Amino acid sequence: MRRKLSLLIIAAFILALAVSSCSKKDLSLSSVFDEPLTFDLNDANLKSFKERLGTDDGYAFTVFYGGDTHGTLENCGCPNHPMGGLAWRVSYQKAFRQQSNKEAPMLFVDAGNLFTDDRYEAGKFPPEVLLKNRWVVKAYGDFLTDAANLSYVDLPYAAELFKKDGFEARVKELPFINKLISANVQPQSEALTSPVPYVIREVELKRGAAGKRLRIGIVGFTSLKPGEGDKLENAFAGFQIEDPQAAAKRVIPELQQKCDVIIALAHMSHGQAQRLASQNPEIHTVIAAQQVNGTEEARHFGSATLVFATNQTKSLGELRYYVKADGTIEKQVNRFVGLDKAMPEDPKALAMVNAAREEFTAEQKKNAAPVALQTVSSAGFVGSQKCADCHAEAYAVWAKSKHAHAMLALENKSQQFDNECVKCHVVGFEKGGFQSMNTTPQLANVQCEACHGPGNEHIKKPAKGFGKMVTPTACIDCHTQPNSPDFEFTTYWEMIKH
Ligand code: HEC
Ligand code: HEC
Ligand code: HEC
Ligand code: HEC
């Protein structure tokens, strides 16, 4: 047993040496993805995971893609079916690499909206949001991502990363910054440096055209930022956004001189992405994103394939490329792989997700100003306890409902400080009610006033006509499709009727 173990260690060591010596040449996903798996693919419990991997049918290389993850490494947290997140994605990619016997190079690209622009105001982010985005830069760098497209949503945070002041040192620490690409975003402010328009990855093929070195060019485009009314804005957060179709006409011919395969990342509408694919025949693949829920069939325009990433990368996009003997692309096959508990979470990636969450929560706690607790918020929210005196029956029904304990669900996941979550699990968030667990804990949970509105006036002068609620519209503000897929007004109201 011990002997077997030491042999294994030696084998792993040799493998590590082999990998490090060739990693300079082969720039596709390597290192972390070449480590031995921490789970056994033949484990019967992983049956559906094995099915999801599909069979190895001779593809020459693979491009995985995602998009619209909006600043998080976590899965979607959807109550019925959590999907997405770094830990399942990495786990799938590792297993995929093992299956193809490491013969098929793999790339991973992000189609845009990688960072959150939440609470960005007057050119500034709160510190915890900066921290959240920074973790994304670190994680995508560590779990090798070949390129990420800068969409207009990403620009406020990109303005932090592309500050001329301290740029070199920042890149040294976070080399992934150099993989943030855009062919139609230019700094408008003197203080910013420009992102590169594209990156070129060179991979050595072992199948199809064995021995051939293929240069894969990855270029990025974003639509303009939607403005108020019908107007589109082309200046934002210190950057200028050029019309993406015009930028393509300029950049694609230049890129074609330098590489064999062109992949365009495009954060834009279906119509715009189609135009990009059909008006630029040099492009092989357009990988687009625009918060598309669910998976869409790939479409073909001449020799170009157009695919859309799923919102929050709940399903990982997988494009398999088959190559002819002369090194040209024979066909591309697109699949979506649901990322969920059918697969184990990769331990290293999971450790990073947890570390990011802990630091983010600590930062939020620190920054929630320690003001005196207020029993009446400025907007007149008083809390359910005050209603109990006169509406004992309604109170009793409510106290037994899940609404009364909605914060516990977040505490169990250590996300009670995450505004992406709290907004639906409290009273009056961003309406002058709940601010944070430090300052307004009495307004945590979905209390009476989350539905009936502020009660301060009513408790002073009780009368009929108070707190009429528009149903089911007001329920659906929180019971959205992703967060409450089974919501149906009559059955749900029956459960909390009072
Ligand atoms: C402020 C956001 C919000 C509003 C408005 C809201 N809910 Fe909820 N609701 C929640 C949250 C959050 C939960 C989950 C609480 C938990 O499980 O911890 C929930 C849970 C429920 C449940 C429990 C489901 C179960 O599995 O037991 C029912 C029933 C329900 N809501 C009905 C309604 C109805 C009907 C309305 C409209 C009259 C409504 N809710 C309005 C946030 C809201
Ligand atoms: C748009 C509103 C909304 C947001 C944002 C939201 N939730 Fe919820 N959450 C709900 C509703 C509504 C339910 C009840 C679903 C149901 O029972 O149909 C719920 C239920 C839950 C439950 C299930 C509790 C149980 O009793 O099983 C958990 C856990 C949860 N949410 C965690 C989170 C986390 C973590 C986040 C942030 C990543 C989050 N939620 C963001 C509205 C939301
Ligand atoms: C999830 C949303 C929700 C919550 C939470 C909630 N209510 Fe209601 N409540 C309603 C709806 C919907 C009605 C039906 C009347 C309407 O449409 O306004 C109602 C009706 C009422 C009525 C009128 C009953 C009648 O006979 O006409 C009272 C009183 C009331 N609620 C008090 C409370 C109190 C007190 C609490 C907290 C202990 C509470 N509600 C929590 C949604 C809610
Ligand atoms: C001091 C007693 C008192 C308190 C405290 C009080 N209410 Fe009322 N509430 C009343 C009376 C009285 C009515 C009118 C009932 C009637 O005439 O049928 C009423 C009516 C309502 C109605 C129904 C309005 C309608 O037209 O049917 C809702 C909803 C309601 N209250 C919610 C609340 C909520 C939420 C709170 C806590 C924020 C609260 N009440 C606190 C006494 C009170």
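The protein chain is divided into domain 1 (30-355) and domain 2 (373-496), with bounds that come from an automatic or database domain assignment. The C-alpha centres of domain 1 and domain 2 lie 38 Å apart. Where they touch, six residues come from domain 1 and six residues from domain 2; two residues are in contact if their C-beta atoms, placed from the backbone, lie within 7 Å. The side of domain 1 that touches domain 2 has three nonpolar, two polar and one charged residues. For these classes, Ala, Val, Leu, Ile, Met, Phe, Trp, Tyr, Cys and Pro count as nonpolar, Asp, Glu, Lys and Arg as charged, and the others, Gly among them, as polar.

This is a predicted model, in which local features need pLDDT of at least 70, side-chain atom pairs count only at pLDDT 80 or more, and totals for chains, interfaces and linings use all residues. Residues are numbered from 1 along each chain as its sequence is written, while chains are lettered from A and ligands numbered from 1 in the order in which they are written.

**How confident is the model?**

- The average pLDDT of the protein chain is 90, and 91% of the residues score at least 70; pLDDT is the predictor's confidence in each residue, from 0 to 100.
- Over residues 1-28 the pLDDT is below 50, and this stretch has 18 contacts in the model beyond near neighbours in sequence.
- Where pLDDT is low, the predicted coordinates should not be read in detail.

**The whole chain**

- You can find 17 helices and 17 strands in the protein chain; helices (H or I, at least four residues) and strands (E, at least two) are DSSP runs, numbered from the N terminus.
- A compact globule of 498 residues would have a radius of gyration near 23 Å, and the 25 Å of the protein chain agrees with that. This radius is taken over C-alpha atoms, and the globule rule is 2.2 Å times the number of residues to the power 0.38.
- Along the principal axes, the C-alpha atoms of the protein chain fill a box of roughly 85 × 65 × 45 Å.
- Buried residues make up 42% of the 498 residues in the protein chain. A residue is buried if 20 or more other C-beta atoms lie within 10 Å of its own, exposed if 12 or fewer, and partly exposed in between, with C-beta atoms placed from the backbone.
- Of the contacts between residues at least 6 apart in sequence, 68% join residues at least 24 apart.

**Around the ligands**

- Ligand 1 is surrounded by 20 residues, and the closest are Lys402, Ala409, Cys475, Cys478 and Met495; a residue counts as near if its C-beta atom, placed from the backbone, lies within 6 Å of the molecule.
- Helix H17 gives the most to the shell around ligand 1, with four residues, and by class this shell has 13 nonpolar, five polar and two charged residues.
- Among the 19 residues around ligand 2, Gly77, Cys421, Cys424, Asn483 and Ser484 come nearest.
- Helix H12 (406-411) and helix H13 (419-422) each supply at least two residues of the shell around ligand 2, which has seven nonpolar, six polar and six charged residues.
- Ligand 4 has 18 residues around it, and Cys387, Cys390, Gly455, Pro462 and Gly467 are the closest.
- The shell around ligand 4 takes its largest share, three residues, from H14, and its residues divide into eight nonpolar, six polar and four charged.

**Two buried residues to look up**

- Phenylalanine 308 is found in strand E15 (residues 304-310), and it is buried because 26 other C-beta atoms lie within 10 Å.
- Leaving aside neighbours within four places in sequence, phenylalanine 308 is in contact with Ala288, Ala289, Val292 and Glu296.
- Alanine 356 belongs to helix H9 (residues 347-367) and is buried, with 21 other C-beta atoms within 10 Å.
- Although alanine 356 and leucine 73 are 283 residues apart along the chain, their C-alpha atoms are separated by 8.2 Å.

**Backbone details**

- A cis peptide bond, with omega about -5 degrees, joins threonine 471 and proline 472; proline 472 lies in the loop between H15 and H16.
- Glutamine 291, in strand E13 (residues 285-292), has a positive phi of about 45 degrees although it is not a glycine.
- Asparagine 445 also has a positive phi, near 75 degrees, and lies in the loop between H13 and H14.
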